[in-house]
Amino acid sequence: MFIFAESLYKMKQIGRKIGIIATLILLILAAVLLISRWKIWFYNPPEPPYHGLSEPGRVLLTFGTEDEWSRNISWQCGEEVKDAWVETSAGKRILAQGTVFASRSGKAAYYVAKLRRLKPNTSYRYRVVTDGKASRWYQLRTQPLKHKETEFMYVGDVQDTIGGQANRFLLEAWQRHPQTEFLICGGDLVERPIDDCWAEAFRSIDSISQTLPVLCVTGNHDYLKGLVGTLERRFSLVFSYFLDSEVSGNQVYTLRYGDVQFFLLDSNRELPNLAIQRGWLQAQLQRSQAKWKIVVLHHPLHSIKGCNNLTQCWMFDDLVREYGVDLVLQGHEHAYARMTRKQDDGTPTTPVYTVSHCSPKNYRIEFDDKFDKFGISSRYYQQVRIKGDTLSVAAYEVEHHQLYDSLAIVKPSASAPPHILDYGKQIPEYMEFTPESGSKKDEAFAQRIREYCQRHPERLQKQ
């Protein structure tokens, strides 16, 4: 009996030592991970000192929260709130609300004017005025009362750090698609939430943001890093529809525009806030009477980089499937991909999920066969056109504006299931990639590309 008790004691001692060693190993691994990821998770680059603009600038036109003909106009001028308004060529003044926003290294006064009761199918010339200082004249146009068709442009992450090329890409795209009525951005319009990056973002969308309404969701680069990310107020002062639509600090927004309703989500949030958004989205989808439903968020519900964004998928994916969402527009992962939901018999149906970006940075992705289309080593924008019983999505490569992907969602009647026409199968994929010498990650990515090409030779661009 004594020998058994002594053996049991020794086993307990060994067990404690193993537990202590295992705990130390875990702590060491956690410390190594924290050190290696510190800059990515917690570091915010310093913001150079700046001052508010001396003249009204960074003018942005967007939608309001009253109806599809309401508009908001935001701009920046000075560092103190002064009398400010939007002035139309007809001599009408719409007073603006001013707010001083102070960031880490400067402050500026931001203004928002809300234009309501605009007439359908009407052009308006306007300028913004602060303390007697006026911008140049711009022009906006409202859509007709009855929508025969709707067309808009979508871009994922822009983060233009390549000397303003994004502005050229977007202006060329608009010229090629003059029926574009508004622009939607899938987050990360700015590289970081500092004034220099905001200035660069406005250069990227200059001549567009004053004429076409711009909608933008929040992305991770719009947040200051920390244990809990922080979204600066200036984001909502620029994209001012959030000032009236946010729910418990979550930047959510819905817009009914003709036969389509948009639902914008704030996917860079922690679990409790995502749960709040889930409740909001479910309520909005339940009451929606729109024929077409489109959800826009930054983080893809089905990641093309492995097992990422599981929380976002868990929170929202069942809702977009249950309530008949047709299209999910996403960004974040700096490549192009399209996934079509499949029925049990393999027939494609809605929702259609797309991932896109317009950034100078390209990411290494996985090639899961549940996706119908991939694009790497380039940048993309999408034209979405809605006419009658058909919603068409066309993806273009930005440098040469070549058609890269195309599909149509057809709803012949309210009772009939949607029908997917996949024209993208006839458009070859571009899979050229040159690994950086000595980069193990690039070599591994190149190997994944080769394996994907071997599995799907029918998708490849003919050399």
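In which sense do strand 17 (residues 327-330) and strand 19 pair, and over how many bridges? The close-ups below come from a predicted model, and the opening view gives the answer.

**View A. Strand 19 and its two partners.** Strand 17 runs parallel to strand 19, and the two pair over four bridges. Strand 18 (residues 336-342) also pairs with strand 19, here in the antiparallel sense and over six bridges.

**View B. The hairpin of strand 18 and strand 19.** Five residues lie between the strands of this hairpin. Look for Gly346, which takes a positive phi near 90°.

**View C. Strand 14, a strand with two faces.** Follow the side chains along strand 14 (residues 253-257) and you will see them alternate. Strand 15 (residues 260-264) pairs with strand 14 in the antiparallel sense over five bridges. Arg256 has Gln261 of strand 15 as its bridge partner. Two residues separate strand 14 from strand 15 in their hairpin, and Gly258 in the turn has a positive phi of about 65°.

**View D. A nonpolar patch on the surface.** Four residues make up this patch: Ile20, Leu24, Leu27 and Ile28. Together they have about 410 Å² of accessible area. Leu24 belongs to helix 1 (residues 2-42). Is Leu24 buried, partly exposed or exposed? Its relative accessibility is 46%, so Leu24 counts as partly exposed; the cut-off for exposed is over 50%.

**View E. Helix 8, end to end and side to side.** Helix 8 (residues 440-455) has 16 residues, which at 1.5 Å a residue should span 22 Å. The end C-alpha atoms are 23 Å apart, in agreement with that expectation. Which residues of helix 8 are buried? They are Asp442, Phe445, Ala446, Ile449, Tyr452 and Cys453. These residues cover an arc of only 120° around the axis, so they lie on the same side of helix 8.

Definitions and conventions
Residues numbered from 1 in each chain as written. Predicted model: local features only at pLDDT ≥ 70, side-chain atom pairs only at ≥ 80, totals over all residues. Heavy atoms only, no water. Pairing = 2+ DSSP bridges. Patch = residues over 30% accessible without salt bridge, like charges linked within 9 Å, V, L, I, M, F, W, Y side chains within 5 Å. Areas by Shrake-Rupley, 256 points an atom, 1.4 Å probe, with all protein chains shown as cover. Salt bridge = Lys/Arg side-chain N within 4 Å of Asp/Glu carboxyl O. Buried < 20%, exposed > 50% of the residue type's maximum accessible area, 1.4 Å probe, protein only. Expected span 1.5 Å × (residues − 1). Arc of directions from axis to C-beta.
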